[in-house]
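Biologist: I would like to learn how to read a structure of this kind. Please take the features one at a time, with the general rule before the case.

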Number of protein chains: 2
Amino acid sequence: MVPCKKCRTAHNVVKAGFVRGKQRLFCKTCELHFTVSLPQHEEPKAARQTTIVDVARALGVAPSTVSRALNGSTDINSFTRQEILRVATEMDYRPNLLAQSLHRGETHTIGVVIPDIERPFFAGVLAGIQKVATEAGYRVMICQSNESHSTETLNVQALVASRVDGLLISHSKETTSFEHIKLQLKKGLPIVHFDRVCDEVDTAKVVQEDFEGSFALVEHLIGQGCRRIAVCAGPRELLISSARLQGYKAALEKHGIELDESLIYHSHFKKGEPLLALEKWLALDARPDGIFAVHYANAIEIMVELKKRNFQIPQEVAIVGFGDELIAELIEPSLTVFHLFPFAMGEAAASLLIDNIIHRDTFMASTQKMRGELRIRQSSLRS
Amino acid sequence: MVPCKKCRTAHNVVKAGFVRGKQRLFCKTCELHFTVSLPQHEEPKAARQTTIVDVARALGVAPSTVSRALNGSTDINSFTRQEILRVATEMDYRPNLLAQSLHRGETHTIGVVIPDIERPFFAGVLAGIQKVATEAGYRVMICQSNESHSTETLNVQALVASRVDGLLISHSKETTSFEHIKLQLKKGLPIVHFDRVCDEVDTAKVVQEDFEGSFALVEHLIGQGCRRIAVCAGPRELLISSARLQGYKAALEKHGIELDESLIYHSHFKKGEPLLALEKWLALDARPDGIFAVHYANAIEIMVELKKRNFQIPQEVAIVGFGDELIAELIEPSLTVFHLFPFAMGEAAASLLIDNIIHRDTFMASTQKMRGELRIRQSSLRS
DNA sequence: TTATCTATCGAAAACGTTTTCGGAAACGCC
DNA sequence: GGCGTTTCCGAAAACGTTTTCGATAGATAA
């Protein structure tokens, strides 16, 4: 019935069970097992991208020769090269980056993990990263941790699985353990921290003037006559929070103002939270005459609430915040801030990372501090 | 001197030139060319990721068997599977996504092209895209066109070169030719447009209520007694601009207000530009008593300028804008807007795309319109 | 027994590159 | 003409998977 695939005759072919739903046969002459494949209505095979092999075949040369022509190797006749390049463009050849990456062991892609892409600060950083990366021929893959430690860990794993050449990360505020970072670092993955860095590992870092900025803001408040300055601090776990709190304390100390723990409130950058702090402060016998929020958004929230309650700003309470956005300038009164340059931070971080990737062995981890600017506006100017 | 690589004797070996800097030799007995490679101080070979082959070797099975165990094939003994899984986790095996993608011809990655990541609207869309994509097991690669047509084209090419499985795109305002899109579409790449769509091609689209929202805003102004309503329109080239302008015109027409071309100004969403429009309008004999900006940021700019000049808002001039941000709520007077839901738009677009990718042949392109909301605030409320 | 069947596995091809190594031919020089 | 040289190119391996196809052993049915 069914002819053997080898001897083409059917007289010694017997059935031999089933495999994966198909009838199996055995030719006793050839001692060959085989299955009958139905004529299989041949698919029109959606037009593939042309490959190096296609180009080679079209010219009657070897794939390796085409590769040589494309990659500017010297080991090739210039006429041959020109012909190959001509045909390649003619056939609209585009190298398959996957195959290239697989072979070369590098993807020319960098991974970025940020807490929240919707925060203007991080969006700005991203834009800076994109710019530098693109110019250097790198692609960018972005993940959001949504301020969750477990998501952050998953993000890192996903990026590593995609074989990114390096990692840029700003930790979630939940993150207190850095095993996921240490693991990759041990495997040799270049990693650069920015903004919310981690001091447990030896990576290059880009940070803000957290201490200096806070110091400047608080000193400015003192200069305006404030003596009871409350602070809406950040999550205790974050390094940037404590650095900013240190700046606050240092400014007080310099000017001989005693620290009052009841004026310190640790928030989590969450909406509504600063109002709890405010409630607490307003209930004090001695109310604060100045408020410093380590996140400008918190400052704005507090200011809006104070305005609602008819407080005079800055006369009764002066307000300043860390970080800046258009809104801080447009709100009334406009908010005194320590202005940051997120775009520049992104550029710096990406530059460091790419440096680290390229000079993997000689690269020395360093910490770069981005300049910020004290921008004095109406919310604190008592003159 | 130097022994032949084959016969191991040196007595018939002669020099035969140089290749790539290395001495070349020829053994006349074996008729063999070969080069002498210096003992090459063996590199310690930076610890590779463990592969499927490593796992296979550790267990004495074939790589295909390991693959089967990992992929839940039925063609494997359950004990074997367990052993393989055990050893795989023990050796911390992670599949190489590059190799998988190369083989399967799909990357489980989607590409996104947006004009500007720093615009809160697009950041919101991105967040929505990320959420849906991640849940569906897709990674996201983002590019910015910076409102440049050529950059946009390069972005698309780069993403295609990275072999993304599909494309989400919101066009730059420069883009009037869509050849780069048509080309990829012809090659069978699933593409979904959002916000700034293009009606020349048959793709699935997600749009805002551009017409309806504008209509509602302008009708609201009319309801507040405005009769000379100026419009700060968008770039002529963008579909969303003309849709919004149509909404404006339709509202006027419905209420029997004659269209006055001198009240229409086409801006490019650029900072400072709306002020030129304002200048023009204030120079008119009959000044506008209402202003509609098709971009809320323009509305805010205009409002800030009018306040500087001591205009009464909304009494002398009422202002409304398309789109929303926290700043619109906090500025004084707060701005009446047509509120959008960028996150939801991102979710919808990503869902459509993934649908398109999975059901490539049966997928039918459709246009989905996102609901918006008229949010009436102080800048237009005269009562 | 013998013919068939099932369960389980390995070998090898394939995905699209790049790179290594050697072969063929032509060239130069005594 | 013999020797050393250079130029240009092809074959094949490698990157890490998945998939196809056939092989084998034991089980079952005839």
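Biologist: Which element gives the most to the surface near DNA strand C?

Modeller: A residue is near a molecule or strand if one of its heavy atoms lies within 4 Å of it. Helices (H or I, at least four residues) and strands (E, at least two) are DSSP runs, numbered from the N terminus. In this structure β1(A) gives the most to the surface near DNA strand C, namely five residues. This is a predicted model, in which local features need pLDDT of at least 70 and side-chain atom pairs count only at pLDDT 80 or more, while totals for chains, interfaces and linings use all residues; side-chain values use heavy atoms, with hydrogens and water left out. Residues are numbered from 1 along each chain as its sequence is written, and chains are lettered from A and ligands numbered from 1 in the order in which they are written.

Biologist: How many residues surround DNA strand C, and which are the closest?

Modeller: DNA strand C is surrounded by 42 residues, and the closest are I52(A), R24(B), T65(B), D75(B) and T80(B). Of the atoms of DNA strand C that come within 4 Å of the protein, 57% are sugar and phosphate. The elements that each supply at least two residues to this surface are β1 (13–19), α2 and α4 of chain A and β2 (22–27), β3 (32–35), α2 and α4 of chain B.

Biologist: Which polar side-chain atom lies 3.2 Å from a base nitrogen of DNA strand C?

Modeller: A polar contact is a pair of N or O atoms within 3.5 Å; within protein, one must be able to donate a hydrogen and the other to accept it, and residues adjacent in sequence count only if both atoms are side-chain atoms. The atom you ask about belongs to D75(B).

Biologist: What surrounds DNA strand D?

Modeller: There are 42 residues around DNA strand D, the closest being R24(A), H33(A), T65(A), T80(A) and S67(B). They divide into 14 nonpolar, 16 polar and 12 charged. β1(B) gives the most to this surface, with six residues. Of the atoms of DNA strand D within 4 Å of the protein, 56% belong to sugar or phosphate.

Biologist: Which residues have an atom at 3.0 Å, 2.9 Å or 2.7 Å from DNA strand D?

Modeller: D75(A) places a polar side-chain atom 3.0 Å from a base nitrogen of DNA strand D.

Biologist: Are F322(A) and F338(A) buried or exposed?

Modeller: Buried means under 20% relative accessible area, exposed over 50%, partly exposed in between (1.4 Å probe, protein chains only). Both F322(A) and F338(A) are buried.

Biologist: What lies over the face of F322(A)?

Modeller: A charge sits over a ring if NZ of Lys or CZ of Arg is within 6 Å of the ring centre and within 35 degrees of the ring normal. R244(A) lies over F322(A), 3.9 Å from the ring centre. In chain B, the charged end of R244(B) is over the ring of F322(B), at 3.9 Å from its centre.

Technical notes: Nonpolar A, V, L, I, M, F, W, Y, C, P; charged D, E, K, R; others polar.
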